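This report goes through a structure part by part. Please keep the sequence and the 3D view open while reading.

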Amino acid sequence: MTSMFVNLPVTDLDRAKAFYTAIGFTINPLFTDHNAACVVVEEDHSAIMLLVREYFQTFTELPLGDPAVNPSVSTAIFLDSREAVDASVAGGVAAGGTEAQEPSDYGFMYQRQLTDPDGNIVEFGYMEPVAAEQGSGAVLNQQA
């Protein structure tokens with residue numbers, strides 16, 4: 001089975017865990033300690049590993065940047081409805097995140113960008129099932 005883990009550096013592990021649970025995810029205690037927390041995005045498939053910056057630094061000799069100043073990645077997570085997107089972003093803002101941009105609504109796809117308290121960007125989106133299966137042109141052709 002293929003699984004994906006996105007590693008994110010954080011300055012305050014407890015604050016980061018509170019933020020990511022507020023946007024609807026859970027913590028896997030089997031892979032969580034004082035250096036890291038495993039945030040389950042989709043059971044048995046995808047997770048975010050929150051790593052304190054000092055621990056993250058042990059994985060590379062390159063200097064770590066500050067994602068609040070120079071973002072280098074945006075993690076996009078697509079949900080089952082526009083309402084779920086809105087609820088996740090609302091939970092994240094209430095837990096100390098920010099939404100610096102207006103939502104993007106392309107008709108067949110809806111996206112909102114959320115920045116966590118450390119500056120990491122998490123995008124939430126919803127895509128019409130027809131567009132996900134057949135491409136955006138299929139939805140646009142139905143609307144014409």
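## Pairing of β1 and β4

In β4, A47 is the bridge partner of F5. The model described here is predicted. Strands β1 and β4 (residues 46-52) run parallel and are joined by seven bridges.

These strands belong to an open sheet of four, ordered β1-β4-β3-β2, with mixed pairing. At its edges are β1 (4-10) and β2 (26-28), each of which pairs on one side only. From one strand to the next, the twist averages 35°. Strands of a sheet pair through backbone hydrogen bonds, and the pairing can be parallel or antiparallel.

## The antiparallel part of the sheet

Strands β2 and β3 are antiparallel, with three bridges between them. In this pairing, I27 stands opposite V39 of β3. Strands β3 and β4 are also antiparallel and pair over six bridges.

A hairpin is formed by β3 and β4, with three residues between the two strands. In the turn, D44 has a positive phi of about 65°. Strand β3 is largely enclosed by the rest of the structure, because five of its seven residues are buried.

## Helix α1 and residue S46

Helix α1 (residues 13-22) lies across β1, β2, β3 (36-42) and β4. The helix runs at about 155° to β4.

Is S46 buried or exposed? Its place is in strand β4. S46 has a relative accessibility of 18% and therefore counts as buried, the cut-off being under 20%. Leaving out residues up to four places away in sequence, S46 touches M4, V39, V40 and V41.

Another open sheet has four strands in the order β5-β8-β7-β6, and its pairing is mixed. The edges are held by β5 (74-78) and β6 (104-105). Each of these two has a single partner strand, so one side of each is left without a neighbour in the sheet.

Strands β5 and β8 are parallel and pair over five bridges. A76 stands opposite E123 in β8. Helix α3 (residues 82-94) lies across β6, β7 and β8, and runs at about 10° to β7.

## Residue D118

D118 is found in the loop between β7 (109-115) and β8 (121-127). Although placed in a loop, D118 counts as buried because its relative accessibility is 8%.

Which residues does D118 contact, leaving aside neighbours within four places in sequence? They are P9, V10, T11, D12, R15, D66, P67 and A68. Among these contacts is P9, a residue within the range of β1 (4-10). From C-alpha to C-alpha, D118 is 22 Å from P29 in space, and the two are 89 residues apart in sequence.

## The largest pocket

Rolling a probe the size of a water molecule over the atoms shows where empty space is left. The largest pocket holds about 230 Å³ of space. Its lining has 17 residues, and those nearest the centre are P9, P67, S72, V73 and N120. Two of these, P9 and P67, are also among the contacts of D118.

Which element gives the most to the lining of this pocket? It is β1, with four residues. At least two residues of the lining come from each of β1 and α2 (53-56). By class, nine of the lining residues are nonpolar, six are polar and two are charged.

## The second largest pocket

The second largest pocket has about 150 Å³ of space. It is lined by 13 residues, and F5, N28, D44, H45 and A47 are the closest to its centre.

Strand β3 gives the most, with three. The lining of the second largest pocket divides into six nonpolar, four polar and three charged residues.

Key:
Residues are numbered from 1 along each chain as its sequence is written. This is a predicted model: local features need pLDDT of at least 70, side-chain atom pairs count only at pLDDT 80 or more; totals for chains, interfaces and linings use all residues. Side-chain values use heavy atoms; hydrogens and water are left out. Two strands pair if DSSP finds at least two bridges between them. Axes are lines fitted to C-alpha atoms, for helices over the stretch in contact, and angles run from 0 to 180 degrees between N-to-C directions. Contact means heavy atoms within 4.5 Å. Buried means under 20% relative accessible area, exposed over 50%, partly exposed in between (1.4 Å probe, protein chains only). On a 1 Å grid over the protein atoms alone, a cavity is a set of points where a 1.4 Å probe fits but cannot get out, and a pocket is an open set with protein on both sides within 12 Å along at least five of seven lines; lining residues have an atom within 4 Å of a point. Grid points are joined across faces, edges and corners, and a volume is the space filled by probe spheres set on the points. Ala, Val, Leu, Ile, Met, Phe, Trp, Tyr, Cys and Pro count as nonpolar, Asp, Glu, Lys and Arg as charged, and the others, Gly among them, as polar.
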